[in-house]
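Keep the viewer open and follow each part as it comes up.

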Amino acid sequence: KKKLILDVDTGVDDAQAIMMALAAPNVEILGITCSHGNTKLDNACRNTLRVLKACNRLDIPVYRGCTVPLLGIQRHAGDFHGKDGLGDAPDPDAPGLELLQKRSAAQALIKIANQHPGEVSLVATAPLTNLALAAQLNPSFPKNLKALYIMGGNMESRGNTTVCGEFNFVADPEAAYIVLDRFTCPTHIATWEFSCKNSLPWVCNFLHSIAIAQSVGVVDSLPVSSPLSQSFCDTWLAQDTDKARFMERISHHTRMIVQTERYQKELVSGPGFNTCDTYALAAAVDDALVTESEEVAVTVELEGKHTRGMMVLDYMDLLKKKHKVFVMKSINLEKFKQLLTNALK
Ligand code: BDR
């Protein structure tokens, strides 16, 4: 089985990614580390436990990570994911935070990777603070990983939080910089634009996109039709299972908010679901999922007024970086849909 650790800031698409990993028969999840990000850290921890409970997998250890980025302001995406990160759907039976492990996320990452050198892949769908901290604490930690899969960054300087910045990287630019600099294991990146290309329209309707829409007029160039259709989304959520009903509940807020005038007025039409994080996860689960990727050196801009947190691709090799990453370009959509479907079975 593939050994995975997930680093999450459990909002709606992190939940989808976790459920996809849990459903994959070829995967063993060694632990889930939580970060600030889509919502406050305690919410992200609680949401992770809720997802595990919904899947009867509270046996998987969950670790509390960093509450704030290494530097700079704290950002959340409550308008999109709901204040609590999971659509503010009431859950009186939510598991308590006492179920969290005592070890911190960074320490857990180091320990798990060191216990299985070269065998564990890490899927990171949150700001990269926990990963950067672990690398600072133990420089050999990144070397012990088999591979790293990231949802974050951008490849065409198209942001969703700032003009040029994608949420996970903008929420901790220094952490993203450290990770892209020090993690020399094979690194696969599902960027913001990649998710837009493959997702339903409302991935492009992401709250953060308002900033771009207003400032650089990219709305016209975002896809108006998408490989994942609305009817796929409807069928996906209509599966007669407790997991599908859980997903229907926690994604209700995001599915509704994109139909409001505020979104419809400014952005491409149509409801759907935001599933960016699942691209990184799916790539880790199935080696044949990514059908095209570009190998290139990357770094993160730390200073620009409009570009802080933007991923920079060094096509001309001017940075002379030895380590290159794989920026995903296309995937096998049928396989991806199957993984999504299985997640709710
Ligand atoms: C990323 O930001 C978050 O809100 C999503 O969960 C995803 O990880 C997209 O920019």
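## Overall picture

Of the 345 residues in the protein chain, 54% are buried. A residue counts as buried if 20 or more other C-beta atoms lie within 10 Å of its own, exposed if 12 or fewer, and partly exposed in between, with C-beta atoms placed from the backbone. This is a predicted model, in which local features need pLDDT of at least 70 and side-chain atom pairs count only at pLDDT 80 or more, while totals for chains, interfaces and linings use all residues. Residues are numbered from 1 along each chain as its sequence is written.

The protein chain has 16 helices and nine strands; these are DSSP runs numbered from the N terminus, with helices (H or I) of at least four residues and strands (E) of at least two. Among contacts between residues at least 6 apart in sequence, 83% join residues at least 24 apart. Two residues are in contact if their C-beta atoms, placed from the backbone, lie within 7 Å.

## Around the ligand

Let's turn to the ligand. It is surrounded by 14 residues, of which Gly11, Asp13, Ala77, Phe167 and Cys276 are the closest. A residue is near a molecule if its C-beta atom, placed from the backbone, lies within 6 Å of it.

Helix H1 (12-23), helix H6 (167-170) and helix H15 (276-285) each contribute at least two residues to this shell. By class, the shell holds five nonpolar, five polar and four charged residues. Here Ala, Val, Leu, Ile, Met, Phe, Trp, Tyr, Cys and Pro count as nonpolar, Asp, Glu, Lys and Arg as charged, and the others, Gly among them, as polar.

## Helix H15 and Leu281

H15 is mostly covered, with 10 of its 10 residues buried. Among them are Cys276, Asp277 and Tyr279.

Leu281 is found in this helix. Why does Leu281 count as buried? Because 31 other C-beta atoms lie within 10 Å of Leu281. Leaving aside neighbours within four places in sequence, Leu281 is in contact with Ala17, Met20, Ala21 and Val123. Leu281 and Ile150 are 131 residues apart along the chain, yet their C-alpha atoms are separated by 8.4 Å.

## How H1 meets its partners

Two packed helices are described by the angle between their axes and the distance between the axes. The axes of H1 and helix H16 (residues 333-343) come within 8 Å and cross at roughly 90°. Axes are lines fitted to C-alpha atoms, for helices over the stretch in contact, and angles run from 0 to 180 degrees between N-to-C directions. H1 and H16 are therefore roughly perpendicular to each other; angles of 65 to 115 degrees count that way, under 35 as roughly parallel, over 145 as roughly antiparallel and the rest as oblique. Gln16, Met19, Met20 and Ala23 of H1 meet Leu339, Leu340, Asn342 and Ala343 of H16. The contact of H1 with H16 has six nonpolar, two polar and no charged residues.

H1 also passes H2, with axes that come within 10 Å and cross at roughly 40°, so H1 and H2 are oblique to each other. Their crossing is right-handed: a crossing is right-handed if the near helix is turned clockwise from the far one by less than a right angle, and left-handed if anticlockwise. Ala15, Ile18 and Met19 of H1 meet Asn47, Thr48 and Val51 of H2. This contact of H1 with H2 has four nonpolar, two polar and no charged residues.

## H5 against H7

Next come helix H5 (residues 129-137) and helix H7 (residues 173-182), whose axes come within 8 Å and cross at roughly 55°. That angle makes H5 oblique to H7. The crossing of H5 with H7 is left-handed. Thr129, Leu131, Ala132 and Ala135 of H5 make the contact with Ala175, Ile178, Val179 and Arg182 of H7. By class, the contact of H5 with H7 has six nonpolar residues, one polar and one charged.

## Positive phi in two loops

Asn56 is not a glycine, but has a positive phi of about 55°. Asn56 sits in the loop between helix H2 (41-54) and strand E3 (62-63). Asn56 is exposed, because 10 other C-beta atoms lie within 10 Å.

Asp88 likewise has a positive phi, near 50°, in a residue other than glycine. The loop between helix H3 (78-81) and helix H4 (105-115) holds Asp88. With 14 other C-beta atoms within 10 Å, Asp88 is partly exposed.
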